[in-house]
Amino acid sequence: MALPPNLKFSVTPPELELIASEQLVEIIPLVAMERTAFISGAFGPLRPPQKCKMPIWMAVNLKLKKKCHIIPPDWLNVEFLQDHLVQETTQPEFSAMPFRYAEIAKVLLDVASDDFQYTERLRSLLKDIREARQAKSREGLSKLDHSELSLPNLSSMEINEIRPYFIKAMGILTQLTRQSDEQQMV
């Protein structure tokens, strides 16, 4: 299947979710299991009700089989997200969010919404944060200059969204700068 032109230079959101699924998350297992080795490392042993850290992909697999409860990351709560939404809407710079917050939140809320409090409020806050950050990144791109772009604290999803536009814009700016320099030399 051919990708649309705007996705040829970037990673798709499901691919970003797959990459983010290597992040560790805490679970409360509902079944006992010995330490198990995988290519990405060994995880376990699982001893209910002791908490255990494992990659999101494994936690999701166990959750879908109803063999664990996923403990939300510290940042995935209403208070934290409300604070960051206020920062996003009142300060010119991006607030410091986890690099893969959008992907991790989507996967965990899709699969383990019953393990979270105020799921709909979390989704709403994440959407509002995303919209505020998109507005800031569009504003940052409008101030683009041919030598650099500084947008600290962007997440992987946000970088991936602006990459095609950034590549095209930098190419055009570079051509214009070269033409301007050539005309000044003549």
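Helices (H or I, at least four residues) and strands (E, at least two) are DSSP runs, numbered from the N terminus. The structure is a predicted model, in which local features need pLDDT of at least 70 and side-chain atom pairs count only at pLDDT 80 or more, while totals for chains, interfaces and linings use all residues. Residues are numbered from 1 along each chain as its sequence is written, and side-chain values use heavy atoms, with hydrogens and water left out.

The protein chain holds six helices and five strands, which follow one another along the sequence in the pattern α-β-β-β-β-α-β-α-α-α-α. Of its 186 residues, 36% are buried, where buried means under 20% relative accessible area, exposed over 50%, and partly exposed in between (1.4 Å probe, protein chains only). In helix H2, residues 56-64, the buried residues are Ile 56, Met 58, Ala 59, Val 60, Leu 62 and Lys 63, and just after H2 comes Lys 66, with a positive phi of about 60°.

A pocket is an open set of points on a 1 Å grid over the protein atoms alone, where a 1.4 Å probe fits, with protein on both sides within 12 Å along at least five of seven lines; its lining residues have an atom within 4 Å of a point. The largest pocket contains about 330 Å³ of space, a volume being the space filled by probe spheres set on the points, which are joined across faces, edges and corners. Among its 17 lining residues, Ala 102, Lys 106, Leu 126, Lys 127 and Arg 130 are the closest to the centre.

Helix H4 gives the most, with seven residues.
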